[in-house]
Amino acid sequence: QKVSVEVLDHLEHLALVDFRDSEGVERLQKAIQFADQLHEVNTDGVEPMDSVLEDRWCLYLRDDDVTEGNCTKDLMENAREKVEEYFVAPPGNIPLPKLEEQDTFLQGS
Amino acid sequence: ALKDGLLSQVSAALKEGRVAPTELCHRCLALIKSTKFLNAYITVAEEIALKQAEESEERYKRGQPLGILDGIPIAVKDNFNTAGIETTCASNMLKGYISPYNATVVQKLLDQGAVLLGKTNLDEFAMGSGSTDGVFGPVRNPWSYSKQYKEKSVPKSHCEDEESNWVITGGSSGGSAAAVSSFTCFAALGSDTGGSTRNPAAHCGVVGLKPTYGLISRHGLIPLVNSMDVPGILTRCVDDAAVLLGSLAGHDPKDSTTVQDDFKPFELPNLTDVSKLSIGIPEEYHAPGLSSEILALWSKAADLFKNAGAKVVEVSLPHTRYSIVCYHVLCTAEVASNMARFDGLEYGHRSDKKESTESMYAATRREGFNDVVRGRILSGNYFLLKQNYEKYFVKAQKVRRLITNDFVKVFRSGVDILLTPTTLSDAAPYTEFIQEDNRTRSAQDDILTQAANMAGLPAINVPTALSERGLPVGLQFIGRSFQEKQLLTVAKWFEKQVQFPMIQLEEIKRHDSGVFQHQKSASFS
């Protein structure tokens, strides 16, 4: 079954990446089809695996000592828009237009 | 006592003053320039490298070299952060990005006096199996220009030259593999998530080691799949891979996925008696599309072990064929998460759009990422949607356990090492390779290498013989977790048996090859 426009729209908003054109949507359809092969495998009673190191205790708490820092200047070097020690972003909480309203989606398909 | 391996020979030459670090550095830099057409390097850090070489020379003069790697020219894949040097991941998203820090593995190399020549080319964000999909263009396999390949290729017309005939390096660490293969450096770092170190190693005729997950720090390696990525090691012989491994392995407090066990660097013994070894041949690795040439070579290798007294058994890893599908879901899901950091605010490309944060992020990502990356982000987000999470992501995690268990069972049954092909065929011509899209190619090419990443196991490509087209073919050994010493010992034995021929490149003849050891020309095929 094909992916609905609602889901495509939702994905673009979540990913903040657009499909650009019908080829992008095709690519997703093929990816889903490919992934569906997973359902051939019987996984009854099988626990999901997060990490191959699950039997080893890798994570530990260290002492709350300050061992590094004072690198604000270095870190700000790579930002394009900044004011003093702030990264500057355009205004937030303005949602992207819906797919139907955009002039990029599914043009020339 | 004189140790084996190219690195130890060069190191001895440096100690004895037969060659100076600056001389080595100059030679490599000159070779990089004369092999520029390979497009193996994105950034050549000429001034920094020469300065490091000078410092190394001072240490040798004082009789205080830092170790075997002091003064040795090394290249690093351009997805490792290198302080003061551009790190691009072959993407517009990071063009111009100068890292403020060194990846742990880079720092370790520098701390031992290695000379960092530059950053090597790759598929954008390490997504691909050809090293053809980066913004700086594709990497060319040095073997395209070898006497061995030219002799075997039949020109379609006398006007046609090597321009249209060149073959790919494989990927995604193609630049690193090409750099080592063409003698521009003595070793290189790659990364391996689905085979990205072993695949180009096989196509370029070099040793490619994927260490056990958790052995080498990923801090500073720009992540693709956090649960599978490892730094990879590319060298000209197995002994050298052991040296690099010794310098890089060990717990890193900055990487919470490294194990805390003490790692002891080792030298590889010269194995003479293989009668106690049990080699497993997994039947599922006789995959559809495997060339008859490689099949024959694989069989011959199995016989080699058998005739030398080892126990060679056919084994089964029943879930092998689901490895690629499983990878597809887990990889895209982790990519969706990992790529979220690229929004233009703190580093990297930033779009000029100012209307809103969201529109700026969206435009930045549209402008910065290629189709392959964007496609994976979108797929990954699909599999992570609430309505799909159990069906795809968790399901894939379950299948991952089944794949891992397959290996556990086989190793528990007494098998020490698995022997498989690394690739389905020798390197394809570029014009042929690009006729299929990235995802199709990756799915095809990763089939033999991916499962080792799924299970976190160490694996190594050993160059074995030349194909009928005069191109390298390698075979893969897969070992038990954290048993790199055993894996490399067997790989070294095999390497000695097959005597893989040295590449005959015209460019190299012009530069004195006195420091480069010639290998016997008798070959395995």
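What follows is a set of questions and answers on this predicted model.

Colleague: Start with chain A. What pattern does chain A follow along the sequence?

Modeller: Chain A has three helices and two strands. Of its 109 residues, 31% are buried. Read along the sequence, the pattern is α-α-α-β-β.

Colleague: Now the contact between the chains. How much area is buried between chain B and chain A?

Modeller: The size of an interface is often given as the accessible area lost when the parts come together. Chain B puts 71 residues into the contact and chain A puts in 56. Carbon and sulfur atoms give 61% of the buried area, and the total is about 5,700 Å².

Colleague: Which three residues supply more than any other three of the area that chain B buries against chain A?

Modeller: The total to keep in mind is about 5,700 Å² between the two chains. On the side of chain B, one trio supplies 12% of what that chain buries: Arg350(B), Leu378(B) and Arg401(B).

Colleague: How many salt bridges are there between chain B and chain A?

Modeller: Side chains of opposite charge can pair when their charged atoms come close. One such pair is Arg374(B) with Asp18(A), at 3.3 Å from N to O. Over all chains the structure holds 24 salt bridges. Between chain B and chain A the count is six.

Colleague: Which residues are linked in a network of salt bridges?

Modeller: Arg374(B) and Asp18(A) meet in a salt bridge, and both belong to the network. Its members are Asp18(A), Glu23(A), Arg27(A), Arg366(B), Asp371(B) and Arg374(B).

Colleague: Which helix gives the most to the side of chain B that touches chain A?

Modeller: Across the interface, 25 residue pairs are in polar contact. The elements of chain B that give two or more residues to this side are H11, H12, H13, H14, H16 and H17. By class, the side has 30 nonpolar, 21 polar and 20 charged residues. With twelve residues, the helix that gives the most is H14(B).

Colleague: Turn to salt bridges within chain B. How far apart are the closest N and O atoms of Glu23(B) and Arg27(B)?

Modeller: Both residues lie in helix H2 of chain B, four residues apart, about one turn. An α-helix has 3.6 residues a turn, so residues three or four places apart point the same way. Glu23(B) is partly exposed at 34%, and Arg27(B) is partly exposed at 22%. The closest N and O atoms are apart by 2.9 Å.

Colleague: And how far apart are the closest N and O atoms of Lys306(B) and Asp303(B)?

Modeller: These two are three residues apart in helix H10 of chain B, about one helical turn. Lys306(B) is partly exposed at 46% relative accessibility; Asp303(B) is partly exposed at 34%. The salt bridge cut-off is 4 Å. The closest N and O atoms are apart by 4.0 Å.

Colleague: Which elements do the buried residues of H3(B) pack against?

Modeller: H3(B) has 16 residues and reaches 22 Å, close to the 22 Å expected. Its buried residues include Ala49(B), Leu50(B), Ala53(B) and Tyr60(B). Just after the helix, Gly63(B) takes a positive phi of about 70°. The packing partners, all in chain B, are H1, H2, H4 and S3.

Colleague: Last one. Is Leu224(B) buried or exposed?

Modeller: Leu224(B) lies in the loop between strands S5 and S6 of chain B. Residues that Leu224(B) touches include Phe125(B), Met127(B), Thr193(B) and Val335(B). The cut-off for buried is under 20%. At a relative accessible area of 3%, Leu224(B) is buried.

Methods
Residues numbered from 1 in each chain as written. Chains lettered and ligands numbered in written order. Predicted model: local features only at pLDDT ≥ 70, side-chain atom pairs only at ≥ 80, totals over all residues. Heavy atoms only, no water. Expected span 1.5 Å × (residues − 1). Buried < 20%, exposed > 50% of the residue type's maximum accessible area, 1.4 Å probe, protein only. Contact = heavy atoms within 4.5 Å. Buried area = accessible area lost by both parts, 1.4 Å probe. Salt bridge = Lys/Arg side-chain N within 4 Å of Asp/Glu carboxyl O. Polar contact = N/O pair within 3.5 Å; in protein donor to acceptor, adjacent residues only side chain to side chain. Nonpolar A, V, L, I, M, F, W, Y, C, P; charged D, E, K, R; others polar.
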